[in-house]
Amino acid sequence: MSGNIELLSTTLAAAKAEDRAALIAYLPAGFPTVDGGIEAVKAVVAGGADVVEVGLPHSDPVLDGPVIQTADDIALRGGVRIADVMRTVREAYEATGVPILVMTYWNPIDRYGVERFTAELAEAGGAGCILPDLPVQESALWREYAEKHGLATVFVVAPSSQDARLATITAAGSGFVYAASLMGVTGTRASVGAQAQELVGRTRATTDLPVCVGLGVSNAEQAAEVAGFADGVIVGSAFVKAILDAPDEAAGLDAVRSLAGELAQGVRKR
C-alpha cells in the first residue's frame, strides 16, 4: 500500500487555492492515553485542522520544550510503543481523511528499521514524516524507502540556516518544509518574531515546496500573522497545554476542538 504524500500535497494546494494558510496541528501519540490521543486528533480535525502531525514520544527530545516533554513523559510512562503510533495514524486517518504525518527523532526509526517503519506507516495511511534531527547528508536510506512507499520527507530549517544549506535541505525534502520560527525549542510565546518571515522568504527562494511555520504560535492572532507569509501554520504546544490543563479527558477534547476552531479562523484572516 502506498502512503498519502499526494493527499498532503493536494490538501496544502487546496488551502492555497482558498487564499489561506493550512492549519497543521501537532499532538503526541499515547497522550493522555493511546485512545485519548486518537480522540484528540479527531477533535482538532473537527475544529478545523487541515493536517495533523502525530508525535512519536521520545525520551531525549532536542526540539521539544517543557509542555511537549511533559506529554511525552506521560505517554512513555503509559507504555506507548511504535505500534501505538501506527494505530493512532491508522485510526485517525480512517476517521478524518486528512493527511497524518509522524514527527519523530531518528533514533526510534533506526532501532525499529527504516524499511519496516516506512512500510507500516504507509500501510496505516500515513502521509510522511517530519525528521528534525536527521541530517540531510545522512538521509539517503530513509528517503529511498519513503519514496518507495509514497511518504513525504519533511526537514526542518531554522533562522540560522545559511542560504546554501537551505537549498541542500529543500532539494532533498518533499511534502513541505518545516520552518522553525526562531532558535530554541517548542512552546507558546508572546510573539512569533520577524525572523520567521525572513526565513520563509529565503526558503521559498530555493524551492517550490510549501513552507510551513512552527514554534510559538498559540492563538488566532498569531496564526493570522504567520498565515500572512507562510503556506501553513503549525501549532503543537498550545494543543498539548489545553489537554494538560483540562480537568478531565472530555474537557480536554472540548478545549482542543475549540482552540482548533479559533486557529482555523485565524489562518483565514491573513
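Q: Which residues of H8 are buried?
A: In H8 the buried residues are Leu166, Ile169, Thr170 and Ala172. Buried stands for under 20% relative accessible area, exposed for over 50%, and partly exposed for what lies in between, with a 1.4 Å probe and protein chains only. The model is predicted: local features need pLDDT of at least 70, side-chain atom pairs count only at pLDDT 80 or more, and totals for chains, interfaces and linings use all residues. Residues are numbered from 1 along each chain as its sequence is written, and side-chain values use heavy atoms, with hydrogens and water left out.

Q: Why are the buried residues of H8 said to line one face of the helix?
A: Seen down the axis of H8, they fall within an arc of 160°, so they line one face. The arc is taken over the directions from the helix axis to the C-beta atoms. On the face turned away from the buried side, H8 carries the exposed residues Ala164 and Ala171.

Q: What do the buried residues of H8 pack against?
A: They pack against helix H7 (140-148), strand E6 (156-157), strand E7 (177-180) and helix H9 (194-204). Helices (H or I, at least four residues) and strands (E, at least two) are DSSP runs, numbered from the N terminus.

Q: Why is Thr170 called buried?
A: Thr170 has 4% relative accessibility, so it counts as buried. Thr170 is placed in helix H8 (residues 163-172). Not counting residues up to four places away in sequence, Thr170 touches Val177, Thr203, Thr206, Thr207 and Leu209, where contact means heavy atoms within 4.5 Å.

Q: How many disulfides does a search of the whole structure find?
A: The search finds 0 disulfides. Cys129 is in none, and the nearest cysteine sulfur, that of Cys212, is 16 Å away. A disulfide is defined as a pair of cysteine sulfur atoms within 2.5 Å, so a distance of 16 Å is too far for a bond.

Q: What makes Cys129 and Cys212 buried or exposed?
A: Cys129 has a relative accessible area of 0% and is therefore buried. Cys212, at 0% relative accessibility, also counts as buried.

Q: Where is Cys212 found, and which residues is it in contact with?
A: Cys212 is found in strand E8 (residues 211-214). Leaving aside neighbours within four places in sequence, Cys212 is in contact with Ile24, Phe176, Val177, Tyr178, Ala179, Asp231, Gly232 and Ile234. Cys212 and Asp231 are 19 residues apart in sequence, with 5.3 Å between their C-alpha atoms.

Q: What lines the second largest pocket?
A: Its lining has 12 residues, of which Leu12, Lys16, Arg204, Pro210 and Asp231 lie nearest the centre. A pocket, on a 1 Å grid over the protein atoms alone, is an open set of points with protein on both sides within 12 Å along at least five of seven lines, and lining residues have an atom within 4 Å of a point. The largest share of this lining, 3 residues, comes from helix H1 (residues 5-17).

Q: Why is Asp19 called exposed?
A: Asp19 has a relative accessible area of 59%, so it counts as exposed. Asp19 lies in the loop between H1 and E1, and has a positive phi of about 60° although it is not a glycine.

Q: Which residues does a cis peptide bond join?
A: The cis bond joins Phe31 and Pro32, with omega about 0°. Pro32 is in the loop between strand E1 (22-28) and helix H2 (34-47).

How values were computed:
1 Å grid on protein atoms, 1.4 Å probe; cavity = no way out; pocket = protein on both sides within 12 Å on 5 of 7 lines; lining within 4 Å.
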